[in-house]
Amino acid sequence: MTTPNLPFNRSSLAGRELEYINLTLEAGQIAGDQLFSKKCHKLLEDVLGTKRALVTTSCTHALEMTAILLDIQTGDEVIVPSFTFVSTANAFVLRGARPVFCDVRHDTLNLDEAKLEELISPRTKAIVVVHYAGVSCAMDEINAIAARHGIPVVEDNAHGLFGKYKGRWLGTIGALATQSFHETKNITCGEGGALLINDHRYAERAEIIREKGTNRANFFRGQVDKYSWVDVGSSYVMSDVLAAFLYAQLERWEDIQGKRRLLWNRYHSELSGWAARNGVTQPTVPSYCEQAWHMYYLLLPSLQSRQALIAHLKAHGVLAVFHYLPLHLSQYASRWGGKKGQCPVTEDVSDRLLRLSFYNTLTQDDQSRVINAVQKFSAA
Ligand SMILES: *Cc1c(COP(=O)(O)O)cnc(C)c1O
């Protein structure tokens, strides 16, 4: 018998998921904004201190909501890092915007604030930042540039929930922020997300956009007699069955983050000697960050050595994966003339980055398997 390959990611129960799902079924109310959605909203608002949290069908959809809220129109420009997931850009492209790709810093792999201002034009309507791996962007610098030009900042905080920047929760620093509860994220319900509203001016319209363009939320609060179609919108409300699962995870957030912190710290310390001997770079976490322990990655010396390590680990029954391909070089972005050399750091790290198995129930023994297999590899 061969032991099965150790997965890169695996979702798991945090505690009372099944009990809570049963409660929604017994209550006979499984549409959105019922008991557990409200509990999720309250928990996020209480812990983070955001003005309003709304669970959504996905982070992608929450990003689409930000694009509608910011009135993105055809011909507008939105600055996004090139090193991110497609949705960071696509949500704005759907509204007719042109994504302007910013390169990332070589240390944190976050949007490079030193390259931001030169990308701003009179058409720039939003700056979207991603706290890669849950390590914060340089938000003071980014916010100062944005404020100088009167441009709102959106945090795509899919990696950063419960991380901090200079003591402030990630997801509460931009005007709007989005969360993902996809199964690859620290806290999950399979597919899901949230919109965090930090500027109260967006709160009322966000409820309307999320409810198919109707003022149904006002109606349920008794603020209007009947609800009607008042704006554009779509169906971004999460089912309470999923919210029940999500709440069971959210209420264990400290436990989940604690487990991930141990895993991250162990990779970091036990691989440091090997990394130094092999010219491998470990993640940088600036002192102003309390990171969100979202992933553990390594930067190999070259594309060839990265591919060789993936193959080596596979031969040892361990799955490791690369990550984002540069968005500016994607097939779709060719329409905006994306070309090689436009975001050199993104192009370089995309080739060299590798992520190791990292999930809430990764056991010490399984983590040892990963570490031992990595240490048997020579990048030279
Ligand atoms: C996962 C992720 C998304 C998309 O999340 P969904 O909930 O699957 O829509 C968007 N941006 C980033 C940076 C992500 O990591």
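Start with H159 and the ligand: select both, and you'll find an oxygen atom of the ligand 2.8 Å from an N or O atom in the H159 side chain. Keep in mind that you're looking at a predicted model.

Then pick Y324, where an N or O atom of the side chain is 3.2 Å from a ligand oxygen.

Which residues are the closest around the ligand? Select T60, D156, H159, S180 and K185, the closest of the 15 residues that surround it.

Time to step back. Colour residues 17–251 one way and 253–375 another: these are domain 1 and domain 2 of the protein chain. Their C-alpha centres are 25 Å apart. Where the two touch, domain 1 puts in 46 residues and domain 2 puts in 35.

How much area do domain 1 and domain 2 bury between them? It's about 3300 Å², with 63% of it on carbon and sulfur atoms. To see some of this on the domain 1 side, select F83, F101 and N186: they lose the most area to domain 2, and together they make up 19% of what that side buries.

What about polar links across the boundary? There are 17 residue pairs in polar contact between domain 1 and domain 2, but zero salt bridges.

Next, show the cartoon and highlight α2 (35–48), α4 (86–93), β3 (98–102), β6 (164–165) and α8 (240–250). Each of these elements gives two or more residues to the side of domain 1 that touches domain 2. The largest share comes from β3, with four residues. If you colour that side of domain 1 by class, you get 25 nonpolar, twelve polar and nine charged residues.

For the last stop, zoom in on K164, in strand β6. Which residues does K164 touch, leaving out those up to four places away in sequence? Show S136, W169, L170, Y288, C289 and E290 to see them. By their numbers, S136, W169 and L170 fall within domain 1, while Y288, C289 and E290 fall within domain 2.

Finally, draw a distance from K164 to Q367. From C-alpha to C-alpha the two are 26 Å apart in space, and 203 residues separate their positions in sequence.

Note on methods. Residues numbered from 1 in each chain as written. Predicted model: local features only at pLDDT ≥ 70, side-chain atom pairs only at ≥ 80, totals over all residues. Heavy atoms only, no water. Domains from an automatic or database assignment. Contact = heavy atoms within 4.5 Å. Buried area = accessible area lost by both parts, 1.4 Å probe. Salt bridge = Lys/Arg side-chain N within 4 Å of Asp/Glu carboxyl O. Polar contact = N/O pair within 3.5 Å; in protein donor to acceptor, adjacent residues only side chain to side chain. Nonpolar A, V, L, I, M, F, W, Y, C, P; charged D, E, K, R; others polar. Near = heavy atom within 4 Å.
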